[in-house]
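Hi everyone, thanks for making time for this. I'd like to walk you through one protein model, a piece at a time, and you can follow along on the screen.

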Amino acid sequence: MRFLRKIFNLATITGTIAIFAFMLLLQTVAVNFDFLNIFEQTINNFKISDVYFSQIRDNEKIEIDTNIVIVNIGYLPRAGLGAQIEVISRYKPKIIGLDALLTGARKPEQDSTLEAFLKIARERCPIVFASKLEKPNEESKSFDSLGLPHQPFQKYIQTGYVNVVTDEDTKFETARIVSPKEKVKDSTIYSFATKLIQLSYPDKAEKLLERNNEVETIYYRGNWQKFMVIDPMDVLDENFDPSFFKDKIVIMGYMGSTFIQDDGVDDRYYTPLNARPVGRAATDMYGIMIHANMLSMILHENYIDVIPSYLAIIISVLMCFFNVVLFTYIYFHRKLGTWYDVITKGVQLVEVIIFVFIFIWTLATYNLMLEITVGVLAVVLSGDVLEVFLAILANMYPKSTRAYE
């Protein structure tokens, strides 16, 4: 009974509440002060999974995915894109996808040439163009409109939205998740990757949609080095092996003047593969490569599962409560109390190391992500916040310490 009183008492229960209240206060203050908001965004955008993908996983052992071919469109006009599509379609790919928003009319000779090539190519294989989700509606959790390609092209193609899920207001936001489908008013619209898989590997698409997740965490195979890639003029000059495109998912998108030079500045994002998870200066991946990684994940069914939010909350509270019970005992102990700071900092360091090991082990072994960032933050803050709180509590309400007498 006395043992239980040291676990469940006024000090431990209110101490746990105080730590979570302090974290909530930190978040509120950061929102109201821009200089603090910068730090909050940087910390919130850091994930241990990024360290796994960029630093710990042996990326040299990841094999090239030969099911997917990425075609760099460079700075080609619409007629050039049409010529690429026609050439590729001759070599019997499973499907061709174009990650470029061809909205509105351009020069008549450009549009008519692309349309003529599309008319030829669509007889050989399915073609998917990019669309864009527009005007998000928070009330209905859908979108009010969909930006579609130029109307004359639409009779030859299908579309999939290419929106990358990031917070556009956050400068350093990382592309980690993908939304397989969304609602536009009352219609279900599929992402670029989902639509390509539906038309080329319908059984794989069915497994993806059966997961019924609003978002999927992307399992990154790698950058262009892990895929088959070709530059614009090599396609137009047919400078490739005849089997290069056969039975492949071919996706076309912008990768600068050449994919090796990596000189493009548009349509680039931070990803978990960035060599600097924190304090990054340069984006590391083109949008078309993110779509390639999504496709590869779906094809190989290499999904990352995330523990349910309710379970993450329970684990986070238990982690915090365990620390509060231990640290409260140390604080009120006659001998250990004088060593409070030394002991608590040592315990916290060991806990963080253990957590990082468990997180990386479960991700590497089971593709399971333990999203308990709140619990880890509570552990990190528990020593200092609790020390201040217990000092106040002991002075204002001395009876709270009776369990430790």
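Let me begin with a term: a polar contact is a pair of N or O atoms within 3.5 Å, where, within protein, one must be able to donate a hydrogen and the other to accept it. Please also keep in mind that what you see is a predicted model.

Now, a case of that term. The side chain of serine 142 makes a polar contact, at 2.6 Å, with the side chain of serine 140. Serine 142 sits in strand β4, which covers residues 142-147. Is serine 142 buried or exposed? Serine 142 has a relative accessible area of 7%, and buried means under 20%, so serine 142 counts as buried. Which residues does serine 142 touch, once we set aside its neighbours within four places in sequence? Its contacts are Lys135, Pro136, Asn137, Lys183 and Lys185. Another pair to find on your screen is serine 142 and threonine 188: they are 46 residues apart in sequence, and their C-alpha atoms are 9.5 Å apart in space.

Next, a helix. In α8, residues 202-210, the buried residues are Lys204, Ala205 and Leu208. They share one side of α8, because they cover an arc of only 100° around the axis. Here is some background for that: an α-helix has 3.6 residues a turn, so residues three or four places apart point the same way. What do the buried residues of α8 pack against? Their partners are α7 (192-200), β9 (216-217) and α10. On the face turned away from the buried side, α8 carries the exposed residues Pro202 and Glu210. After α8 comes asparagine 212, with a positive phi near 55°.

Positive phi values turn up elsewhere too. Lysine 92 has a phi near 60°, and lysine 92 is not a glycine. You'll find lysine 92 in the loop between α5 (78-90) and β2 (95-99), and it is exposed, at 56% relative accessibility. Glutamate 301 has a positive phi as well, near 50°. Its place is the loop between α10 (287-299) and β14 (305-306), where glutamate 301 is partly exposed at 32%.

On to charges. Side chains of opposite charge can pair when their charged atoms come close. How many salt bridges are there? The count is 12. One of them joins aspartate 50 and arginine 176, at 2.7 Å from N to O. Aspartate 50 is in helix α4 (residues 48-56) and arginine 176 is in the loop between β5 (158-161) and β6 (177-178), so this pair ties together parts that are 126 residues apart in sequence. Both partners are buried: aspartate 50 at 1% and arginine 176 at 12%.

Aspartate 384 also forms a salt bridge, with lysine 345, and their closest N and O atoms are 2.9 Å apart. Here helix α13 (residues 373-396) holds aspartate 384 and helix α12 holds lysine 345, so the pair ties together parts 39 residues apart in sequence. Aspartate 384 is partly exposed at 40%, and lysine 345 is partly exposed at 38%. There is also a network of salt bridges linking Glu86, Arg90, Arg124 and Glu238.

Last stop: the surface. Val350, Ile354, Phe357, Ile358, Trp361 and Tyr366 make a nonpolar surface patch of about 640 Å². Isoleucine 354 lies in helix α12, residues 340-366, and is partly exposed at 45%.

Key:
Residues numbered from 1 in each chain as written. Predicted model: local features only at pLDDT ≥ 70, side-chain atom pairs only at ≥ 80, totals over all residues. Heavy atoms only, no water. Helix = DSSP H or I, 4+ residues; strand = E, 2+ residues; numbered from the N terminus. Buried < 20%, exposed > 50% of the residue type's maximum accessible area, 1.4 Å probe, protein only. Arc of directions from axis to C-beta. Contact = heavy atoms within 4.5 Å. Patch = residues over 30% accessible without salt bridge, like charges linked within 9 Å, V, L, I, M, F, W, Y side chains within 5 Å. Areas by Shrake-Rupley, 256 points an atom, 1.4 Å probe, with all protein chains shown as cover. Salt bridge = Lys/Arg side-chain N within 4 Å of Asp/Glu carboxyl O.
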